[in-house]
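Take a look at the strands and helices of this chain.

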Amino acid sequence: MTDQTTHIAGGRVPLPGLSSRAYEHPADRSALVALRSLTGFDTVLKALSGFFRERSHRLMYLASSVRVSDRQFLDVDTMYAELVTILDLPERPELFVERSPNAYAMAMGMDKPFVVVSTGMLDLLEPDELRFVLAHELGHVMSGHAVYRTMLHHLIRLSARAAWVPMGYLGLRAVIGALEEWQRKSELSADRAGLLGCQDPGAGLRSLMKMAGGARLYEMDEAAFLEQAAEYDAAGDLRDGVLKLLNLEGRSHPFTVLRAAELQRWVDDGDYAAILGGSYPRREDDQHASFTDEVKATAKSYKRSIDESADPLIKLVKSVGDEAFGLGGRIFAKMGGTRTSTPGGTTRTADHDDVVDGEIIDDDPAD
């Protein structure tokens, strides 16, 4: 358990030994657990990236922007040092400030990651809001998201070269689509890390509101902003459901309003409070993480999203799926099987399978 008597400035609680698994979205976490199980893969990829490209980028920022330290951007440096302590990173990544009117921040590199934040972002955000953004980027560093992003980059380039091979291109597009979905989920993970760093849900929400609507926060309302997410989910008919899917094509980030709603849902579920209370996985146990367990958690997460969604297209797909599942069960029973199903997905068997919350629990772990 975290020693609750130990605090950093502002009453924020340090999280010693924090594993990135504590804040990663289930779909993100399962992919990363699988990747980390490939012994040596990440080492080779980091070495290849760091040999030239990563060094080139760092040298470019070293020569063209300002490196944050106790002599440059002192307030940002103090804040950044506190975040590194709170999240308990083994090593502090370098932080650079780049002049740009656009508000952005990014984490780069795999071998020696570093963080870049624009002057536009510094001008847009208040200190508590900036904490959220910087901790978000540190979350990317802790999770090692740059490894998959490098794979995505190379696959996109490869798909362009393979466009003349129809089946090859379609196969690559399927992989790229899956990686883009992973990348959007990785942003939700980093938002959670941002909240663990700033430890102020209001500041996290305000940061996202400003990213959507600019600096005029006094013209916005938190409740109304979150209501937009519910309206988006339920809006329109089947055509709108299709358009929502098409709008995600090629996007690396979820829509900002939906990010805010997802972050608020994570807080409401109690996971955020549990972590601050000291209940979270430690890095020392990462090597024992079960890929099978993470895949189950991913499936449960997607199932919950589908069950709670008011999107007309998703409701139709779920209804068709339930009917198909029920029909398949009835056919199986008539053909002499012992398992029967109902349209709602409730399943009973005569050979000692148990049903928990509509899910079949078999003796065979592969089922």
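Which residue in β4 does Glu-98 stand opposite? Glu-98 faces Ser-118. This is a predicted model, where local features need pLDDT of at least 70, side-chain atom pairs count only at pLDDT 80 or more, and totals for chains, interfaces and linings use all residues. Residues are numbered from 1 along each chain as its sequence is written, and side-chain values use heavy atoms, with hydrogens and water left out.

The sheet comes next. Four strands form an open sheet with mixed pairing, in the order β1-β2-β4-β3. Its edge strands, β1 (66–67) and β3 (105–108), each pair on one side only. Strands are DSSP runs of E, at least two residues, and helices are runs of H or I, at least four, numbered from the N terminus. Two strands pair if DSSP finds at least two bridges between them.

β2 (residues 94–98) runs antiparallel to β1, joined by two bridges. Phe-96 of β2 is the bridge partner of Arg-67. With β4, β2 pairs in the parallel sense over five bridges. Four of the five residues of β2 are buried (under 20% relative accessible area, with exposed over 50% and partly exposed in between; 1.4 Å probe, protein chains only), so β2 is largely enclosed by the rest of the structure.

Now the helices. α6 (residues 127–143) packs against α9 (residues 201–213) at about 85 degrees, with the axes 8 Å apart. Axes are lines fitted to C-alpha atoms, for helices over the stretch in contact, and angles run from 0 to 180 degrees between N-to-C directions. That makes α6 roughly perpendicular to α9 (65 to 115 degrees; under 35 is roughly parallel, over 145 roughly antiparallel, the rest oblique).
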